[in-house]
Amino acid sequence: MLPIRLIETEREDFDGPIVELWRDDDFVGLVFWDGESTILQVYPDGEGDVHDLDVRELQMLLDTALRIVDPDAFDTEMDELRDAVSSQEWGDEHPATSELLADYDELARHRSEDGEAFFPKDVAGRFIRSCDELDLAVMEMEGLDLVDDQLKADQSLVLETAEQPMMTWSQFRAFANTTAQHTLAMWPERESLVVAFVFRQPDGADIVA
């Protein structure tokens with residue numbers, strides 16, 4: 001089954017951006033904001049049949065599409081989370097977190113004043129794999145452009161993994177990290193791109209990398 005591509009565009013009959021979903025040259029559907037909520041419309045395939053959609057892939061795409069079309073999707077939640085976890089006592093750090101941060105400390109291309117790390121895309125991919133190996137789950141991932149030592153946000157490059165209460169921790173960790181890897185693979189290959197992470201320990205604590 002071919003992967004689905006996400007394309008941000010605009011149309012005269014819509015107020016704001018819309019997201020089109022394509023599988024090769026076959027139009028799958030679109031996501032748009034109707035003034036009150038985010039709407040997904042799915043269309044028949046080129047032969048009039050139904051589309052078979054991978055649930056995990058669709059969830060990942062819709063999570064990204066939501067952040068593009070929903071004017072309320074970008075609020076202060078990520079900043080509040082970062083402020084909260086950056087003020088915690090690091091002496092109680094989980095051993096896996098200590099190992100992860102030590103391994104990637106010198107690989108950050110940029111650090112904010114409060115110490116948050118921003119990694120090149122290739123390092124970000126290794127970071128996600130290390131999280132999986134250390135039993136840590138990537139909860140949030142944000143792509144920004146680092147230009148002249150200044151960070152510029154890109155609203156289409158944000159992932160927040162929803163909790164899955166029916167999953168065990170190992171199932172959720174695998175789900176979260178697979179989603180992060182698939183999302184990162186779709187992000188652009190450009191020299192200025194850097195990636196920030198929030199990951200979760202097995203004890204439920206969220207950590208800013």
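Strands S7 and S8 form a hairpin in which two residues lie between the strands, and Asp148 in the turn has a positive phi of about 55°. S7 comprises residues 137–147 and pairs with S8 in the antiparallel sense over seven bridges; two strands are taken to pair if DSSP finds at least two bridges between them. Val147 has Gln150 of S8 as its bridge partner. Strands (E, at least two residues) and helices (H or I, at least four) are DSSP runs numbered from the N terminus. The model is predicted, with local features requiring pLDDT of at least 70 and side-chain atom pairs counted only at pLDDT 80 or more, whereas totals for chains, interfaces and linings use all residues. Residues are numbered from 1 along each chain as its sequence is written, and side-chain values use heavy atoms, with hydrogens and water left out.

An open sheet of four strands is arranged in the order S1-S2-S3-S4 with antiparallel pairing. S1 and S4 are the edge strands, each pairing on one side only. From one strand to the next, the twist averages 20°, with axes taken as lines fitted to C-alpha atoms (for helices over the stretch in contact) and angles running from 0 to 180 degrees between N-to-C directions. Five bridges join S3 and S4 in the antiparallel sense, and Trp33 has Thr38 of S4 as its bridge partner.

Phe32, found in strand S3, is buried, with a relative accessible area of 10%; buried denotes under 20% relative accessible area, exposed over 50%, and partly exposed the range in between (1.4 Å probe, protein chains only). Not counting residues up to four places away in sequence, Phe32 touches Phe14, Ile18, Ser37, Thr38, Ile39, Gln41 and Val69, where contact means heavy atoms within 4.5 Å. Pro17 is 15 residues from Phe32 in sequence and 7.2 Å away in space, C-alpha to C-alpha. Thr38 lies in strand S4 and counts as partly exposed because its relative accessibility is 27%. Beyond its neighbours within four places in sequence, Thr38 is in contact with Val31, Phe32, Trp33, Leu66, Val69 and Asp70.

Helix H1 (residues 55–69) has 15 residues and should span 21 Å at 1.5 Å a residue, which agrees with the 21 Å between its end C-alpha atoms; the expected span is 1.5 Å times one less than the number of residues. Among the buried residues of H1 are Leu58, Leu61, Ala65, Ile68 and Val69. The buried residues of H1 pack against strands S1, S2, S3, S4 and S8 and against helix H5 (169–186).
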